[in-house]
Every structure is written in structure tokens, then in C-alpha cells.
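Here is a short briefing on one protein model.

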Amino acid sequence: MRRRILTAALVGIAVTALVAHGQDGADAKPTIPELVASLRSDDTSIRQKAVYALWQRRDEAADAAPALAVAIRDRDDYVRTTAAKTLPYVVSGSAESVADLDLALRDERVDVRIAAAKGLASVGPAMRGALTTILGALDDEDTQVRTGAAGALAWLGPDDADEVMPALRAALDSEDAGVRQWVMNAVFTLDVPEGVTIAGECLDDPSPLVRDRALAIIASSGPDPAVPLERILLQVGDGQWSIRSAALKSLAAYPGSAERLVPVLLWSAGDDHGWVRAAAIGTLQSLGQLDARAVPVLRATLGDKEVITRFAALTATRSLGDDAAPLIDALRAQLLAATNKLERSEVARTLGDLGGVAAGAVPELTKLADGTGMLAVSSAYALCAIDEGEAERVGALVTALDDAMTQQAAARYLGALGPRAVAARPALLERVDTTGGILAVPAAAALLRISDQDDVVARGTLTRALEGAAGPQRQRLAAQVLRDVPRCAAWSVPALTAALHVDELRVRREAASTLGVLGTVAQSALPALRSLATERDFALRTAGRQAIRAIERE
């Protein structure tokens, strides 16, 4: 016993010297085991210094988790607070750590409760082990505790709604806007019909952060009788740009009123904030209302001072087809004036996607195609797409397949050219047959768009990729590229449906999105898409819901 006390005392002395005077012992800082031993010292100052050192070195302190769990029960307020703050970083959401934080959330000391609430907000879905205490903390006397508790509830999903919704509704009466914001964030992630009703009630909240969350819920869930369109339109005139932008995005959930919304969206495209202008243009496109009426607005925004607005205008312009003819001069000006090479590449791509109507831009594109890099590749694609006589530019795109920086874009461009790129078939087949290269996926998609001669090989490559045979990166990419190959819809639906149930979340999201793009041909995937409604991941649930709408809308 005396030996153990002496050892702890000696280690404590070392910790005191090294932590308090780190500059003198920079090369001999205490080890994690030594700091753990110091947490058992009878000297409060030694325990304080040890727990602070563990907080500073939390990325390497996994072995200290048991000691920190004990320290949460320490008689000293600082030790308990710092231990509660450190524990979530050293234990990744284990049941034991949640139980310890649950205890800390009931501590009489407010600093300890604050640290515990923030810790539970960071441990992930395992916070359910402390759900009863977290719900009780929504009534805590301290704002930071209430905010942290509401933040922890953002890990919940639809299955938890019945248990937590009454407490969330009550917490929305808080006078603190931060608490109400985090409560709305929890309502957002719960993703249940009652959330839309709550969102409608919160559109009059004095806090823009709360109103922003409310609009996000409405945009995600779609139109609801509880939230008449007129309530959203009132938000379009809000004094906060973020609310105006969120309101415009939520209008995309009202396709039945699309024609009525066009004047509002065209007017909002002249807003004094770039993000609002971009949102207006994006919603016009989402509602399928881009036509000649949008040309004056797009002409103005192609030369906008904000890059986000210019990119939104470029994306929208690609959807206009021949109606974009009056915009070619503006695109030529943007091609020359833009200082960002990525933006110039996107302008060249837009001209190519417009095809023959962009013939006036050939002189500028010819100069740029003789350069190097992505801009030259995009310009070569545009020349091929605009003028069939420029077919020799296909060779430049084939060469770009050998450059890691441009190969995926080059494959996509060759596919977009369709039969005009038939000369690229041998090179694309070579890439498809090469094992292990990620280029095999976009090369296979390109072959399917160029000719039906290579269907068996290309389909086999994409099917194997979707099944995960070549890893999650190629699996995800395969789900993405199939959106560009409409004639692949029927045979790809079973593989995409199966991909909804793989382990990799990003693959599942991409598969759901692609099924939505494929439309009615993906009817057989509806049961699997509906099953995503109970998934814990909010983004996956959203992708599934949007896909269902897209399939049923057609």
C-alpha cells in the first residue's frame, strides 16, 4: 500500500513538473500510463494537471478511457468537467462511455453537464443509451446544456419520433434561439410528417436560423396542407438573404404550382445577394421552367460578379437547347473574361452541350483547344459537338484518356458525342479491359453511348462495378455514370436496386439518386426505395424519398 502511494506521489511530481513547465521537459513529457496513474493521486492539483494533459493529448489517449470514466466521478469539479470533455474523443461511442456521460449529464455542477451534453452530441447513434437523461436535459436551467442535449438528438431517426417529439415541441418554447435552432435540427433529422407541421408553425419564429431549418424541412418533405404555398412565398421577401435562398429552394417541392412560381423566381434572380440569385435559377431548372422567358435573366447572371451565380447560370443554360441562341455572345465573353480555369472549362463544356447553336464560339474554342489541361479538353469536346467537321478533335480526347487529371472528363465527353466519337472505340475498349483502373467505369458508359456493338462488354463492366467487385469507389462511380446513359435504364435497375442495401452509405445514396433519374422504368425499385424511410442516415432517406417522387411523377 505504502509503495503504491509513493509511486503515485512520484509520478504526480513528475507530471507537475512536466505539465506545468513543458518547455523544460519538452523531450521527456509523461507517458499516457503515467498520466493515468496521476489521476489516482490524492493531490487534487496533480489530478487536475493530469486530466488537462490527457485532454491536450486526447488523440493518443485511448488507453486512458477507463481512468477518465472513473475521473467523471471525481470529487473535484475541474477534473470531472475535463474528463467528461475528453472521454468522447478517446472512446468512439461505446455503451460504456455513453453510460459515463449519462451520469455526468446529471452532475450538480453545470460545467460538467455542459461537457457531458456536448460529448453526447459527438458520440453518434450510441447516444440513445442516454436518451432519457438527454430529454430531461432539454429543461436544464443552463442554455448550453439544453443546446448540447438538442444537438445530441440530431442522431435520431424516424423510429424515435414517438418518444422524443413531445419533448422537442416543449423545448421550442425556449426563449433561447440557439436551443430552438438545435431542436429544429433534430426535427429535421427525425424526418416524419409531424415535422412539417412543426416547420409551418416555426416560419414566424423571430430567429432566422430557426426559420431556415423550418424551410429545409419543408423542402425535404414536400408540399403539405399544413404549410400553404403562400406561407413560403412570404419568406421569399424576408430581410435575411439566407431565408430568401432557403425559401426559393423549398419552392421546388411545389411542382404543381410551377407555372405560377415562374414570375417570382425570375424576379428573385435579380436579388442583391448571389446565393439568392443562384437559388432562384436552380429552382427554375428543378421545376422544368427554363425556356425563352429565362433568357434575359441568364444573360445577366452569366456575367454576374458572384461565381456561384455564374455556375448556376451555366448549368441552367445547358437545359435551354436552341433557346440559348441569344446567350452565345455572353458565353463567349465569359469564356474570355473568366480568370478561373475551371470556370472557363465549364463554359466550354456548356457551349459543347448546346451543339450547333453555339457555332459562333468556334474561333475562341479553336485557340483554347490547342492548349493543354482540362480547358483544352473541354474546348476540343465543344468543337466536336458544334461542328461535325471537327471530328479529328476526337483524337485529342483519346490522348486525354492517358492523363490522370483529364481522363474521366475525356471519357464523359466522348460518351456525350455519341456516334461522332466512334473512332475512340478501340481506346475505350482497351480501358474497359484493363483491370483495376477506375477509368474502366466511365469508359464503359461512354461505349454504351457511342455504339451498341460493345453492349455486352460495357454492361458487364458496369454490372460488376455496381455489385462491388472492384471496390466502393468504382461502385459509386458506376451508379453515377448510369445517369448519362438512358438506354441502360432497364437492365441496370436490378443492380442499382441491390446497391441500395450494400454497406457503403455513399454507394446507397448514389444508387437511389440514379433510380430517380431513370424514372418510370425503375418502378420495380419502389419497394426497396420505400424501405429506406426507416434508415438512420438522413441523406439516404432523402435520396430515397426524392427518387420515389421522381419515379411516380412520370
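**Cavity and helix packing**

The lining of the largest cavity divides into 5 nonpolar residues, 2 polar residues and 1 charged residue. The model is predicted.

**The cavity**

- The count comes to 1 cavity of 30 Å³ or more.
- The volume of the largest cavity is about 40 Å³.
- Its lining is formed by V187, F188, D191, V192, I217, S220, S221 and F538.
- Two helices, helix 11 (177-190) and helix 13 (208-221), each supply at least two residues of this lining.
- Helix 13 gives the most to the lining, with 3 residues.

**The packing of helix 27 and helix 28**

- Helix 27 spans residues 440-450, and helix 28 spans residues 455-466.
- The two helices pack at an angle of about 140°. Their axes lie 9 Å apart.
- Helix 27 and helix 28 are therefore oblique to each other. The cut-off matters here: angles over 145 degrees would count as roughly antiparallel.
- The crossing of helix 27 past helix 28 is left-handed.
- On the helix 27 side, A440, V441, A444, A445, L447 and L448 make the contact.
- On the helix 28 side, the contact comes from D455, A458, R459, T461, L462 and A465.
- By class, this contact of helix 27 with helix 28 has 9 nonpolar, 1 polar and 2 charged residues.

How values were computed: Residues are numbered from 1 along each chain as its sequence is written. This is a predicted model: local features need pLDDT of at least 70, side-chain atom pairs count only at pLDDT 80 or more; totals for chains, interfaces and linings use all residues. Side-chain values use heavy atoms; hydrogens and water are left out. Axes are lines fitted to C-alpha atoms, for helices over the stretch in contact, and angles run from 0 to 180 degrees between N-to-C directions. Helices (H or I, at least four residues) and strands (E, at least two) are DSSP runs, numbered from the N terminus. Angles under 35 degrees count as roughly parallel, over 145 as roughly antiparallel, 65 to 115 as roughly perpendicular and the rest as oblique. A crossing is left-handed if the near helix is turned anticlockwise from the far one by less than a right angle, and right-handed if clockwise. Contact means heavy atoms within 4.5 Å. Ala, Val, Leu, Ile, Met, Phe, Trp, Tyr, Cys and Pro count as nonpolar, Asp, Glu, Lys and Arg as charged, and the others, Gly among them, as polar. On a 1 Å grid over the protein atoms alone, a cavity is a set of points where a 1.4 Å probe fits but cannot get out, and a pocket is an open set with protein on both sides within 12 Å along at least five of seven lines; lining residues have an atom within 4 Å of a point. Grid points are joined across faces, edges and corners, and a volume is the space filled by probe spheres set on the points.
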